[in-house]
Amino acid sequence: VSPRAAGLPPDLWGASESSLLVRLIQQSSPRLPAMRRLERRLLAAQLRPPQAAPGQDGALFLARVDKLLDMGATGAARELLLAAGPADPERFRRLFDIALLSGDEAKACETMDRTPGVAPSFPARIFCLALGGDWTAAALVFHGAEALGRIDPETGALLARYLDDAYADGAEDLAPPRVVTPLDLRLHEAIGQPLPSSAL
């Protein structure tokens, strides 16, 4: 959203400290609907960033995206990320989650294939390889990452069932994860054990 459309000055952040703004955005939790709408407009506006401390480049941008995702504003978060470009792994990780939630994972997987180094995790890479029909490569990456301890046991069990349906025959249902990620949702759907999403 342009500053004019948002009704905000382009230099709203002024000389504020980037780290302080990040902390305030993370802690923000307005209760009134009007304040929530104002916060969303502020987070989605294309404002000039303040001077960031060394090593803090992009922290304010990611804090804004994360807060929009927390609010359920996936469309606004996606537009911000696309405007910035998906080449950064942190930005792409969020784009990938949004794509999983909106059913647009094939496009995100194509971006992952075309852009080396942006894969957010081994499970995401394995999922995309299998989605593209390269089950052999997916199994190879899975076994390699598992042997190196780069996949936690719960995700490993879920991916094993996703990659080999014979593995799941007669096995008990997997326990739902304590923290549900968009990839968990899609993998559980794929193995025939969808997670309830009404409380998410």
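**Exercise 1.** Determine the handedness of the disulfide formed by Cys109 and Cys128.

*Solution.* The torsion about the S-S bond of Cys109 and Cys128 is about -70°, so this disulfide is left-handed. The two partners come from distant parts of the chain, 19 residues apart: Cys109 belongs to helix α7 (residues 105–114) and Cys128 to helix α8 (residues 122–131). Helices here are DSSP runs (H or I, at least four residues), numbered from the N terminus.

The model is a predicted one, in which local features need pLDDT of at least 70 and side-chain atom pairs count only at pLDDT 80 or more, while totals for chains, interfaces and linings use all residues. Residues are numbered from 1 along each chain as its sequence is written, and side-chain values use heavy atoms, with hydrogens and water left out.

**Exercise 2.** Are Cys109 and Cys128 buried or exposed?

*Solution.* Buried means under 20% relative accessible area, exposed over 50%, and partly exposed in between (1.4 Å probe, protein chains only). Cys109 has a relative accessible area of 4% and is therefore buried. Cys128, with a value of 4%, is buried as well.

**Exercise 3.** Explain where the buried residues of α7 lie around its axis, and name helices that cover them.

*Solution.* First, list the buried residues of α7: Glu105, Ala108, Cys109, Thr111 and Met112. Next, consider their arc, taken from the directions from the helix axis to the C-beta atoms. Because they cover an arc of only 155°, they are on the same side of α7. In general, an α-helix has 3.6 residues a turn, so residues three or four places apart point the same way. Finally, the cover of these residues includes α6 (89–102), α8 and α12 (182–190).

**Exercise 4.** Classify Ala84 by accessibility and identify its contacts.

*Solution.* Ala84 lies in helix α5 (residues 74–84). Its relative accessibility is 36%, so Ala84 counts as partly exposed. With contact defined as heavy atoms within 4.5 Å, Ala84 touches Phe61 and Arg91, residues up to four places away in sequence not being counted.

Note on methods
Disulfide = S-S within 2.5 Å. Helix = DSSP H or I, 4+ residues; strand = E, 2+ residues; numbered from the N terminus.
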